[in-house]
Amino acid sequence: MLRLPKFEVATPSSVGEAIALLAEAGPSALVVAGGTDLLPNLKHELATPELVVSLAGIRELVGIRVDAGGALAIGAMTTLAEVAASELVRTRAPALAQAASLVAGPQLRTMGTLGGNVLLDTRCQWINQSYFWRSALGFCLKKDGTKCHVVEGGKKCVAAASNDTAPALMTLGATLELEGATGRRSQPLDDFWVADGIYNKKLAHAELLTEVRVPPTAAGHRGAYGKLRERNSIDFPLLGVAVRLDVDAAERIQAVDIVVTALAAQPKRLARVAELLFGLPARGAEFERALEAVAATAAKQCNPLPHIPGDHEWRKAMVPVWVRRTLRAAAERGGPVHED
Amino acid sequence: MAARDRHGKDAPWGEFAVVGKPLRKVDGLAKATGAAIYADDIALPGMLHAKTLRSPHAHARIVSIDASDALALPGVHAVITGKDLPVKYGVIPWTPDENALAVDKVRFIGDPVAAVAAVDEDTANAALKRIRVEYELLHAYLDPRESLTRHDPAIHEGRKEGNVSKNVLLEFGAIDQALATSDVIVEDEYTFHGTTHAAIEPHCAVAQYSADGVLTVWSATQITHYVHRALARVLELAPHRIRVVQPCLGGAFGGKSDPFSLEFCVATLAMRTGRPVKMLYTREEVFYCHRGRHPMQMRYRTGASKDGMLRGVDAKILIDGGSYSSFGLVTTYYAGQLLTGPYAFPTYRFDSTRVFTNKPPCGPKRGHGSVQPRFAFEVQLDQLAEKLALDPIEIRRRNFVGEHTTTVNGQRITSNGFLACLDQVERASDWSTRHGKLPFGRGLGVAGSMYISGTNYPVYPNKMPQAGIQLKVDRSGLVLAFTGGNDIGQGSNSVVQYIVAEELGLALDQVRVVAADTDLCPVDLGAYSSRVTFMVGNATIDACRKLRAQLVEALAAHWQVDAKRVRLIHGEALDLEDATHHLPIVEAFHLAEERFDTLGATGSYNTPELGGPYRGGTIGASPAYSFTAHVAEVTVDIETGRVRCEKVWIAHDCGRALNPMLVAGQMEGSAYMGVAEALMEEHTVNRYGLHRGPSLLDYRIPTSVDTPELAALIVESLDPEGPYGAKEAGEGPLHPSIPAISNAIFDAVGIRLKHLPFTPGKVLAALAERRARAGEPTVAGGAR
């Protein structure tokens, strides 16, 4: 078995205490929520912290509620299993519930948290490997090396955002509640990302994600999540498609949003989607024709790289299929879209 | 054949009391409760932990190794390198080309270079990073075709064959003439991609060297005897000073058949330090150890007459062996030798060439050597059926080789339940009303196969028994059976218990089994080639019959009746004709001990003379062959290219099911493994020669939700030489899964998949090609 490197673990009982610990320890200190991503990464020596601050003892970070403004507020330490099963989430934010239900496998969802999944490190077949494995290549851009093995001569890391819940939350207009040494801030998720596989987030050291807020959804809100993967459990996404499709009382499409993930360092919002679907009925021949047009434009906008394991040409071919299927699932109040 | 090897297919006391019942395994409760002791559970006082430094280069010369910094680290007790273990070994005595640690050269990324023993794993790992190795890089061979023609630099120097590991060319009958006069010929190429075992337990070994010079090695091996021999050779120790023990094993599937680097390293480090030493491989290291199924590029040419009768088969196979020989000599033979049933062909030629490449070494995996050719041939048979407009089951029936016959390559076939297997899967799958008639996107495919129940080729030539057993009878009423056979989860210890209980009329809890300990148990050649039930089972019956004769004689004398009247059953001794004569069996033990002195018996099994009269003719010659037929049902999503195997019907002729629950488990596990190899698993290296993803996240084996429904249909042909008629069930039932799926995909959507694995990308490409051929427009991105 791969060994965990040695580090101190702190278990603060409040957010303030956690921030103070992190600030004091400096940038090498790390945060652990459920640990399902961090611990394998530490075993692979992708980081060698002296201190790991566990959020497991902070009660205020757990729970799903509707806040005074009518927004759905989910504590960052709420497990993915709880998010997936929550009636509140399922009715107000179906795409999020579906995405959470497809992260990893059942055991990992009872450990993994929503906050941890949103902040998941980017992934690449050339980085999520042991120290020995990476050393055989002379390492890579993301850690310890200067070469990119995905793009020959590439100077920018292209490790892929692989967090299923992030694109769903983006279609829902979610905001991250962040707290750091200098105070609190609300960060729209749309503007949270950076196109850099080494670190793709606007999140400072000693800044904690405390809560994810999803503004109230319209009465005619529909959403779905589609996940492409090789097995029907465990695997990270080869492609993730989150859809929001709001309709009016006459079942005509009033708002559309599609965000895809696992293609690049950050989730990507598809352009020119609303103009193809706005005002159309959410079923029937006209809708089906529009789906083809949306699928075609999605295909043009998405170019998966051979960064994560799997056949990237097949992943590209699946973009229009998954976009079409997930849109249709949203329209029919169905989903999630995967192989089962 | 010696009389001792033939005990008949019938129950020893008229009807079976134990055999044929779905009984619990001897170690079932221990495993389910976590009480079972695996190699990594062993912790000895003062034990050190060892780790291996591995090569980061695919092919390189070692210029120097400097371990001084590692040795200087507090807590480090010893560092060893290839210089400490210069003697080469190999599981096949003719091809010893491995060193426990690299001497002069490394041949793949992951090749062991040095080993460290330290107070704990972390210290050992830290020490590895302090060992400085200077390498001189050599050209790395990643494509087996290159190894066929280029020999400089040689992966193994000093061989006249260069980078060719083994070539076998055998011809039976006038093949060229047969093909020239055939009405139809099908010729095609097929690729098997390479897969590994993925046993859940990683390799682990613990060694202890006693003050009086006895070396004990506990190892997660499936062949204690060969580890014993290899240790004696490499360590240059007298074999009687070495004891090898196999603890409870967490899966093997062929991947623990070779002697491995860690066994020599822990032994040497224990002798060097005077402390017990353990080494547990990481999952990543298990992938480098590999010994998985060989990639093969196969060309088959099959000729037949108009009515579908096979006239000849001509095969040419290129085998990618990876960096070492391992079992490769046998693999190269098996790739041809095991194809000659369940169908008869009057002429046959195969030309198999195994080459070395700078990749993790291949070896035996469940269905060793014959799964790949079976895939190619069973798809080709379907192509032939298509050409002749014959039903795929019908063409297989027509060409049935028969029972009590000899194959074209001189293999003796005894019992053969293949036709019954075909009948069973045909009926269960509702083949006649569904094959060729399901909606587009859903289909059924069939395939058949045969496999060995052990072979008469012991890995090292000798005339001693292949299986031996000893029984010790205790005054408490307990019989202890000592067997060198390796229970690797397949249930061989349970089989021994059932047979002893059956033969001696004991309750199951009156029989315990001690296995796979070279000090305590007589030699058995181990768990490979599906030999254990057949050979250890026969040896067990042999020993029991001797003991039974003594018990019966003592009871007959005690009751003063004819021995024929004595019965032993359910822990009681009875006189069939006088109800007043009955005793608990423990008292029969006492009577017999009074009469014969201390009780005990040995038993053994050796194969009869088998095989064709030519070089290699005994390789693949088995005392009995198992037969299998599968029907697989698939759905193909033509938009995504994804193939889903919905159900597999598995009919397997195991001779007799000594425990039908264990047989069904082997059948289901085999089919699961085959389906995984067809659709998902892929053991490959990247452009650097580095394993693509040595983890169970990236090497994808199906989870429970990816597994098809599996229906096990047991066929019992009652083999004349098997124990109560039993034959193997652990490997044969894997073979047809892969071609049955390819054939089902053809039935579903009309494409022939000939190159494994059947990934969605390949399916989409084949569908597009089919549309192009049919003149239909192709639409990128998965047209509906």
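Colleague: Which handedness does the crossing of helix 17 of chain B and helix 18 of chain B have?

Modeller: That crossing is right-handed. By definition, a crossing is right-handed if the near helix is turned clockwise from the far one by less than a right angle, and left-handed if anticlockwise. Before we go on, this is a predicted model: local features need pLDDT of at least 70, side-chain atom pairs count only at pLDDT 80 or more, and totals for chains, interfaces and linings use all residues. Residues are numbered from 1 along each chain as its sequence is written, while chains are lettered from A and ligands numbered from 1 in the order in which they are written.

Colleague: Good to know. At roughly what angle do the axes of helix 17 and helix 18 of chain B cross?

Modeller: Roughly 55°, and the axes come within 8 Å. Axes are lines fitted to C-alpha atoms, for helices over the stretch in contact, and angles run from 0 to 180 degrees between N-to-C directions. The two helices are therefore oblique to each other; angles under 35 degrees count as roughly parallel, over 145 as roughly antiparallel, 65 to 115 as roughly perpendicular and the rest as oblique. Helices here are DSSP runs of H or I with at least four residues, strands are runs of E with at least two, and both are numbered from the N terminus.

Colleague: And which residues make that contact?

Modeller: Helix 17 of chain B brings Ala671(B), Gly674(B), Val675(B), Glu677(B) and Ala678(B), and helix 18 of chain B brings Ser737(B), Ile738(B) and Ile741(B). By class they are five nonpolar, two polar and one charged. Ala, Val, Leu, Ile, Met, Phe, Trp, Tyr, Cys and Pro count as nonpolar, Asp, Glu, Lys and Arg as charged, and the others, Gly among them, as polar. Two residues are in contact if their C-beta atoms, placed from the backbone, lie within 7 Å.

Colleague: What does helix 18 of chain B lie across?

Modeller: Helix 18 of chain B, residues 737-749, lies across strand 18, strand 26 and strand 27 of chain B, and runs at about 160° to strand 18.

Colleague: In what order do the strands of that sheet come?

Modeller: The order is 18-26-27-28 in chain B, an open sheet of four strands with mixed pairing. Strands 18 and 28 of chain B are the edges, each pairing on one side only. Two strands pair if DSSP finds at least two bridges between them.

Colleague: Which pairs are parallel or antiparallel?

Modeller: Strands 26 and 27 of chain B pair in the antiparallel sense over ten bridges, whereas strands 27 and 28 of chain B pair in the parallel sense over seven bridges. For landmarks, Thr635(B) stands opposite Arg644(B), Phe627(B) is opposite Asp653(B), and Ala651(B) faces Leu713(B) in strand 28.

Colleague: How many residues sit between strand 26 and strand 27 of chain B in the hairpin?

Modeller: Six, and Gly641(B) in the turn has a positive phi of about 80°.

Colleague: Is strand 27 of chain B largely enclosed or open?

Modeller: Largely enclosed by the rest of the structure, because eight of its eleven residues are buried. A residue is buried if 20 or more other C-beta atoms lie within 10 Å of its own, exposed if 12 or fewer, and partly exposed in between, with C-beta atoms placed from the backbone.

Colleague: What do the buried residues of helix 12 of chain B pack against?

Modeller: Their partners include helix 11, helix 13 and strands 18, 26, 27 and 28 of chain B. Among those buried residues are Phe418(B), Leu419(B) and Leu422(B). After helix 12 of chain B comes Asp430(B), with a positive phi near 55°.

Colleague: Switching topic: how many residues of chain B are in contact with chain A?

Modeller: 30 residues of chain B are in contact with 26 of chain A. Helix 3 and helix 19 of chain B each supply at least two residues of that side of chain B.

Colleague: Last one, over in chain A: where does Pro215(A) lie?

Modeller: Pro215(A) is in the loop between strand 8 and strand 9 of chain A. Pro215(A) is partly exposed, with 14 other C-beta atoms within 10 Å. Leaving out residues up to four places away in sequence, Pro215(A) touches Ala71(A) and Gly173(A).
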